[in-house]
Amino acid sequence: DLEAAREPRLVAASRVARAAISHAAAWLAEASKEGQPALEAGARRFALTLGRATALALVTRHAQWSLEHEHDRRSLAAARRFSLSGIDLIAPVDADDARVSLD
């Protein structure tokens, strides 16, 4: 739940997750228009982005809970570090590179 964060630094981490999910959704819409090769070329980056964004959202939610109930800032630090570790892996790929064979 990206709305659970109230601590300002956790709100910033939630924004990273939200932006990554939005970017992934926009990429999926565009790649769907381009066809199967475009979808296949970016499927791994799409899946990893969604997985990392979901993990960040969960870590952020836990950190907010930990601050409120345990008065423990370790989860806050972990969420902040994770938010800086490259959540959005969607990046442009050269179509020629995507077609290169490994034989």
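This is a short walk through the predicted model, one selection at a time.

Some ground rules first. The model is predicted, so local features need pLDDT of at least 70, side-chain atom pairs count only at pLDDT 80 or more, and totals for chains, interfaces and linings use all residues. Residues are numbered from 1 along each chain as its sequence is written, and side-chain values use heavy atoms, with hydrogens and water left out.

**Start with the whole chain.** Color by secondary structure and you'll find four helices and zero strands, running α-α-α-α from the N terminus. Helices here are DSSP runs of H or I with at least four residues, strands are E runs of at least two, and both are numbered from the N terminus. Along the principal axes, the C-alpha atoms fill a box of roughly 55 × 30 × 15 Å. The radius of gyration is 17 Å, whereas a compact globule of 103 residues would be near 13 Å; that radius is taken over C-alpha atoms, and the globule rule is 2.2 Å times the number of residues to the power 0.38.

**Next, select α1 (residues 8-34) and α3 (residues 74-83).** These two pack at an angle of about 35 degrees, with axes 9 Å apart. Axes are lines fitted to C-alpha atoms, for helices over the stretch in contact, and angles run from 0 to 180 degrees between N-to-C directions. Show side chains for Arg9, Leu10, Ala13 and Val16 in α1, which meet Leu76, Ala79, Arg80 and Ser83 in α3; contact means heavy atoms within 4.5 Å. By class, that makes five nonpolar, one polar and two charged residues.

The axes of α2 and α3 come within 8 Å and cross at roughly 160 degrees. The pair is therefore roughly antiparallel, a label for angles over 145 degrees. On the α2 side, pick residues including Arg52, Leu56, Val59, His62 and Leu67; among their partners in α3 are Leu76, Ala79 and Phe82. The contact of α2 with α3 divides into nine nonpolar, five polar and one charged.

**Last stop: Ala77.** Staying in α3, click Ala77. Zooming back out, 31% of the 103 residues count as buried.

Definitions and conventions: Ala, Val, Leu, Ile, Met, Phe, Trp, Tyr, Cys and Pro count as nonpolar, Asp, Glu, Lys and Arg as charged, and the others, Gly among them, as polar. Angles under 35 degrees count as roughly parallel, over 145 as roughly antiparallel, 65 to 115 as roughly perpendicular and the rest as oblique. Buried means under 20% relative accessible area, exposed over 50%, partly exposed in between (1.4 Å probe, protein chains only).
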